[in-house]
Amino acid sequence: MADIDDRWYRTDRATGERVKTARHGAGKRWVARWRDTADMQRSRSFEKKADAERFLDQVRADLARGTYVDPNAGKITVRAYATRWLAAQTADPSTREAMELRFRLHVFPTLGDHPLGTLRPSTVQAWVHGLALAPNYARTVFANLSAVLSAAVDDGLIGRNPCGVRSVRPPSAVNARVEPWPAAWVAGVTGALPDRYAATVAPGAGCGLRQGEVFGLAVDDVDFLRGVVHVRRQVKIVGAKLVFGPPKRGKTRNVPLSDEVKVRLAEHLRQFPARVVTLPWLPTGKPVATRLVFASRESGAINRNYFNARVWKKALRAAGVPDSRENGFHSLRHYYASVLLADGVDIRALASYLGHADPGFTLRVYTHLMPEVGDRARRAVDRAFGRLSANGGAPDVRHDAR
């Protein structure tokens, strides 16, 4: 049941004439009334009757389609809802912390005070246009906002996610080709690092471990006899504090340990014996003690922020390597991947060693580093035809003169 009331006039029951009400000339004249899906009476006021009629037409249509959303539900601001949503997330604490930072820096200043119900696609597109960020990072910020607005749809606060409509174009992704370091850079940075940290390059460039996994590597994780590294933990920073946690996506893995890396780790442990370090384990928060292969000068876990700013960048400059973002510790993983692919290691095996959930991702990132497929195909055919010739069965190659 839906109708429109006129606040300024009423019909006199005795005479049937329209007479002014006590509210005549004050406030909005027209009131749209309807019952929602819970059979609760709802209303909304308008200056013009035509606006009230259009609104009720939309309400009737939404009720019929089952897409009705209470117009008052969207009054909560983007800031208030996103803050509540982020606090309820059960994701990895460091992931949640990164998302909170993105909202605080790049969403709230522009969109934070907008009620959810007033957030139009044009508003979101204008916000996207104003993001002065690296393309891939801007795309991540957009995806985070879209996740929050999708949750608001699920909660019945808004009827649709304005990030998901056709007129809103997310920031374009830039797929920069990975350019692995030359061996001289790996050797140069290794030599430029302080003795305490020089061997950190070995499990990065020789086993493909992430930086946090290198810092979280324990003596018990290194099987010198069988030649295997068990990747079981990483050192992370959550709330400005160091913690232990499982590897990315909680996926432990085993990586082959070469003789060269084995020797470098053994020499490092001879010079700098392993230290017992105790840190909270996330997500439980329970203290965990382990003998770390690499420790700070204070015999604690290595803080990546200190290491990157004070140790790594200094070594890059000393080795003549540009100290840009592209040449962070993660470059050692790219070097590892390039070495294995150049030697013909299967892409699925490489994905497993790197801890990638999808070999397709590994292929997309490193396909340009794989040996030239055309050359390999030609060599394969040449070998096959050579065997035919050796057996007296060389194919008869005919030329069509037509």
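**Exercise 1: the second largest pocket**

β5 (41-46) and α1 (49-65) each supply at least two residues of the lining of the second largest pocket. The model is predicted: local features need pLDDT of at least 70 and side-chain atom pairs 80 or more, while totals for chains, interfaces and linings use all residues. Numbering starts from 1 along each chain as its sequence is written, and side-chain values use heavy atoms, without hydrogens and water.

Task: state which element gives the most to this lining, and how the lining residues divide.

Solution. 
1. Helices (H or I, at least four residues) and strands (E, at least two) are DSSP runs, numbered from the N terminus. The element that gives the most is α1, with 4 residues.
2. The lining comprises 26 residues, and Arg-44, Pro-71, Gly-117, Arg-120 and Gly-159 lie nearest the pocket centre.
3. By class there are 12 nonpolar, 8 polar and 6 charged residues; Asp, Glu, Lys and Arg count as charged, Ala, Val, Leu, Ile, Met, Phe, Trp, Tyr, Cys and Pro as nonpolar, and the others, Gly among them, as polar.

**Exercise 2: confidence**

Task: identify the elements with the lowest and the highest mean pLDDT (the predictor's confidence in each residue, from 0 to 100).

Solution. 
1. The protein averages 89, and 93% of the residues score at least 70.
2. Helix α15 (residues 373-390) has the lowest mean, 67.
3. Helix α9 (residues 211-215) has the highest, 98.

**Exercise 3: Trp-181**

Task: list the contacts (heavy atoms within 4.5 Å) of Trp-181, leaving aside neighbours within four places in sequence.

Solution. The partners are Val-186, Val-189, Trp-312, Leu-316, Val-321, Asn-327, Ser-331, Leu-332 and Tyr-335.

Conventions. On a 1 Å grid over the protein atoms alone, a cavity is a set of points where a 1.4 Å probe fits but cannot get out, and a pocket is an open set with protein on both sides within 12 Å along at least five of seven lines; lining residues have an atom within 4 Å of a point.
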